[in-house]
Amino acid sequence: MPDSGIMLELCDFLKISVNELLSGERIMAEFYDKRAEENLLVMKREMEEKNRQLLRAEYWIVFPAVLAGFALVFVACFVSMPMWLRVVLLTFVLVMIFAVAFIAVGIEQKAGYYECRSCGHRYVPTYWQTNLAPHTGRTRYMKCPKCGKQSWQKKVLTKED
Ligand SMILES: [Zn+2]
């Protein structure tokens, strides 16, 4: 699968359409519309699957980090050790939690879209808009760039239904 950036250039060079490139064969004009639709559908499914995997990866980063964080805090508080070591351990936990939170928000921002409650518009917010928005789970309270209304916006995997 060529990078979408070079796809157009490649098609131009080979004198074929993007759909022919994607389906791997020459397409007769009468089948063209049907093929175009099928290819769009396949691309949509692949995108959806990629986003689903990204969001799954988020869990695999966050949960081990939270568990390790709790374990380290427990050790730092209840196991006898010099004071400086306690400070080092707790500082490490703090830095780790911040780093993981940044990565997790980054994944949530990039994977899929947020859907406006009022107008149904689906969009990708900026990193900081995502990071600073109040949230419960993956639903975030943000301002829709289309209608301008604030609402609790759900995470969706595709741009359209
Ligand atoms: Zn809206």
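## Salt bridges

A salt bridge here is a side-chain nitrogen of Lys or Arg within 4 Å of a carboxyl oxygen of Asp or Glu. Side chains of opposite charge can pair when their charged atoms come close. The model is predicted: local features need pLDDT of at least 70, side-chain atom pairs count only at pLDDT 80 or more, and totals for chains, interfaces and linings use all residues. Residues are numbered from 1 along each chain as its sequence is written, and side-chain values use heavy atoms, with hydrogens and water left out.

The whole structure holds five salt bridges. One of them pairs glutamate 108 with arginine 140, with 3.1 Å between the closest N and O atoms. This pair links distant parts of the chain, 32 residues apart: glutamate 108 sits in helix H4, arginine 140 in strand S4 (residues 139-143). Helices (H or I, at least four residues) and strands (E, at least two) are DSSP runs, numbered from the N terminus. Both glutamate 108 and arginine 140 are buried. Buried means under 20% relative accessible area, exposed over 50%, and partly exposed in between (1.4 Å probe, protein chains only).

## Pairs at 3.0 Å

Glutamate 49 and arginine 52 form a salt bridge, their closest N and O atoms 3.0 Å apart. Both belong to helix H3 (residues 29-78); they are three residues apart, so about one helical turn separates them. Glutamate 49 is partly exposed, at 31% relative accessibility. Arginine 52 is also partly exposed, at 33%.

Arginine 122 and glutamate 115 meet in a salt bridge as well, at 3.0 Å from N to O. Arginine 122 has 10% relative accessibility, so this residue counts as buried. Glutamate 115 has 23% and counts as partly exposed. Elsewhere, salt bridges with shared partners join Glu48, Glu49 and Arg52 into one network.

The ideal angle for four tetrahedral donors is 109.5 degrees. Cysteine 144 is buried, at 2% relative accessibility. Cysteine 147 is partly exposed, at 31%. The disulfide count is zero, a disulfide being a pair of cysteine sulfur atoms within 2.5 Å.

## Nonpolar surface patch

Leu94, Phe98, Phe102, Trp128 and Leu132 form a nonpolar patch on the surface, with about 600 Å² of accessible area together. Helix H4 (83-110) and helix H5 (127-132) each give two or more residues to this patch. H4 supplies the largest share, three residues. Leucine 132 lies in helix H5 and is exposed, at 66% relative accessibility.

Patches are made of residues with over 30% relative accessible area and no salt bridge; like charges are joined within 9 Å, nonpolar side chains (Val, Leu, Ile, Met, Phe, Trp, Tyr) within 5 Å. Accessible areas come from the Shrake-Rupley method with a 1.4 Å probe; for residues, only the protein chains shown count as cover.
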